[in-house]
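Below is a short note on the fold, written for checking against the coordinates. Please read it with the model open.

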Amino acid sequence: MEPDVLIFVKNLTRVYGKNKLAVKVLDVTSLEIRRGEFIALTGPSGCGKTTLLNLLGTLDRPSGGDIIFEGKKISGQGEVSLCRFRREKIGFIFQAYHLIPTLSALRNVLAPAFPLGNDYRPRALELLGLVGLAGKEGRRPDDLSGGEQQRVAIARALLLDPDLILADEPTGNLDSATGAEIAELLKNLNHHGRTVLVATHNPQTAEICGRVIRMADGRIAAR
Ligand SMILES: Nc1ncnc2c1ncn2[C@@H]1O[C@H](COP(=O)(O)OP(=O)(O)O)[C@@H](O)[C@H]1O
Ligand SMILES: [Mg+2]
């Protein structure tokens, strides 16, 4: 495998249900993601985008096949090592932001570092500045717009300097102008060398990505 391959996927499947009710919702024969790529994962609702992202981020386990991350097989590892993998290697961004409502923007960004005990405060403040939220560190999610909440989520995803950002419909809850700003922010991260995979059915978001992977019925239809 070439050194700049970040993820290699082979015969990856996800089946829901058992026996007669079993439905194979994902069947990806092969997929390679290189370090530094900015990829849009597109396709109609229900085609398997979230399923694939969750498998790559180890939030879900495959029914079959392999995911090789930086040359190491992650499918089949135990929960403790996956937890560490997830924290160190992956930054997640979700459609509905998934911020903790009782915490300030700053504390939300710091949340991934709670178990680590180090002082990540300067880095969190720097990241909030980077995403355009300087001066709003003390605000709770309720006092922020949708676009601002997604900026907090992006800063949180970056806190532990992940190798890969997985974004699932990050602009799905936003108006088109705000969505375009968030997409630009992701693009900027990529310009600084970050590998970004964004599931989206927003053509405007997909347009600015370096590569588009189209899915249909759980399979990769075109790339
Ligand atoms: N927990 C589940 N149980 C059964 N089927 C599921 C579950 N989660 C997703 N699916 C099905 O898997 C398919 C792919 O879903 P998903 O990955 O969410 O698609 P997308 O993100 O592209 O909209 C859909 O047919 C969906 O109904
Ligand atoms: Mg989805």
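The points cover the basis of the values, the strand pairings, the open sheet and the helix packing.

1. Basis. This is a predicted model, in which local features need pLDDT of at least 70 and side-chain atom pairs count only at pLDDT 80 or more, while totals for chains, interfaces and linings use all residues. Residues are numbered from 1 along each chain as its sequence is written, chains are lettered from A and ligands numbered from 1 in the order in which they are written, and side-chain values use heavy atoms, with hydrogens and water left out.

2. Strand β1 (residues 5-16) runs antiparallel to strand β2 (residues 23-34), with 10 bridges between them. Strands here are DSSP E runs of at least two residues and helices are H or I runs of at least four, numbered from the N terminus; two strands pair if DSSP finds at least two bridges between them. Val15 has Lys24 in β2 as its bridge partner. There are 6 residues between the strands of this hairpin, and Gly17 has a positive phi near 80 degrees.

3. β4 and its partners. β1 also pairs with strand β4 (residues 64-69), antiparallel, over 5 bridges; Val9 is opposite Ile67 in β4. In turn, β4 is joined by 2 bridges to strand β5 (residues 72-73), again antiparallel, with Ile68 opposite Lys73 in β5. The hairpin of β4 and β5 has 2 residues between the strands, and Glu70 takes a positive phi near 50 degrees.

4. Open sheet. Six strands form an open sheet of mixed pairing in the order β6-β7-β8-β3-β9-β10. Its edge strands, each pairing on one side only, are β6 (90-93) and β10 (219-222). Within it, strand β3 (residues 38-42) pairs in the parallel sense with strand β9 (residues 211-216) over 4 bridges, and Thr42 stands opposite Arg214 in β9.

5. Helix α5 against α6. The axes of helix α5 (residues 146-158) and helix α6 (residues 176-191) come within 10 Å and cross at roughly 15 degrees. That makes the two helices α5 and α6 roughly parallel (angles under 35 degrees count as roughly parallel, over 145 as roughly antiparallel, 65 to 115 as roughly perpendicular and the rest as oblique). Axes are lines fitted to C-alpha atoms, for helices over the stretch in contact, with angles from 0 to 180 degrees between N-to-C directions. Contact means heavy atoms within 4.5 Å. Among the residues that meet are Ile154 and Leu158 in α5, and Ile182 and Leu185 in α6.
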